[in-house]
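Here is a friendly note to read with the model open beside you. Take the points in order, and find each residue on screen as you go.

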Amino acid sequence: MSETLKNPISVKIGQSISLYGRITELIENNDEAKWLIQELNNLVDESESIRQMIGMAKECEDCSMSGSGCCGKDMENHYGVEILIINLLMGVNLFKGGHNKDSCYFVGEGGCILRVREVICVNYLCNRIYSRIPLKNIILFQEVSGRGLDTLFYLEEKIKNYILCKIPENAVSHEEK
Ligand code: SF4
Ligand code: SF4
């Protein structure tokens, strides 16, 4: 089992909040990271507006309301600290989840509370979507969301390999590792 899957979400949320302040300071001094965050924000807005426009958002909302949504229990365990930090940087309150013990922790009152999601959540489309949304519209959505995933990958790598290395080893407590 990967480290990401083993680490309970409450621990990872605690780690991301504890690192958030230091990451914000470091990002302020890094033009590429600032650009990636802006670009990711724009792509998330664009893909969300396409989801609404092509009717996918409504399908998922109706499906979730009827209790057959795909945001199942333990899905949150696919999330690592880096993507949680990115969500914090985009203004997400990670404590607004946990509304239904039988669903993913990140399900909040109005659906998923995250602004940036892992590939497993972004890429999954069920038969209902494929049967009700024209393929050309699905492809339009996938093209923009794919660009968002590429940008997310670069940003996560930056946080992992560059920004976190700049934090002195002894500044991260044993519990945070
Ligand atoms: S992707 Fe399919 S299963 Fe998941 S919420 Fe949307 S309609 Fe429901
Ligand atoms: S879309 Fe959000 S709520 Fe649904 S499984 Fe993914 S992280 Fe959880």
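1. A residue is called buried if 20 or more other C-beta atoms lie within 10 Å of its own, with the C-beta atoms placed from the backbone. Please also keep in mind that this is a predicted model.

2. Now try the word out on helix H5, which spans residues 81–89. How many of its nine residues are buried? The count is nine of nine, so by the definition each has 20 or more other C-beta atoms within 10 Å of its own. Just after H5, Gly 91 has a positive phi of about 85°.

3. Next, look at the largest nonpolar core, a set of 30 residues. Leu 40, Leu 84, Ile 85, Ile 86, Phe 106, Val 116 and Leu 155 have the most contacts inside it. Helices H2 (9–28), H3, H5 and H8 (135–163) each supply at least two residues of this core, and H5 contributes the largest share, seven residues. In soluble globular proteins, nonpolar side chains tend to be buried together.

4. Zoom in on Ile 86. Which residues does Ile 86 contact, leaving aside its neighbours within four places in sequence? They are Val 116 and Leu 155.

5. Along H3, the buried residues are Ala 33, Leu 36, Leu 40, Leu 43, Val 44 and Ser 47.

6. Turn to ligand 1. Around it you will find Glu 59, Cys 60, Cys 63, Ser 64, Gly 69, Cys 70, Leu 125, Cys 126, Arg 128 and Ile 129. Helices H4 (56–65) and H7 (127–132) each supply at least two residues of this shell, and H4 gives the most, with four. By class, the shell has six nonpolar, two polar and two charged residues.

7. Finally, visit ligand 2. Its surroundings are Cys 71, Met 75, Glu 76, Cys 104, Phe 106, Val 107, Cys 112, Leu 114, Arg 117 and Cys 121. What classes make up this shell? Eight of the residues are nonpolar, none is polar and two are charged. You have already met Phe 106, as one of the residues with the most contacts inside the largest nonpolar core.

Notes:
Residues numbered from 1 in each chain as written. Chains lettered and ligands numbered in written order. Predicted model: local features only at pLDDT ≥ 70, side-chain atom pairs only at ≥ 80, totals over all residues. Near = placed C-beta within 6 Å. Nonpolar A, V, L, I, M, F, W, Y, C, P; charged D, E, K, R; others polar. Buried ≥ 20, exposed ≤ 12 C-beta atoms within 10 Å, placed from the backbone. Core = buried A, V, L, I, M, F, W, Y, C linked by C-beta atoms within 7 Å. Contact = placed C-beta atoms within 7 Å.
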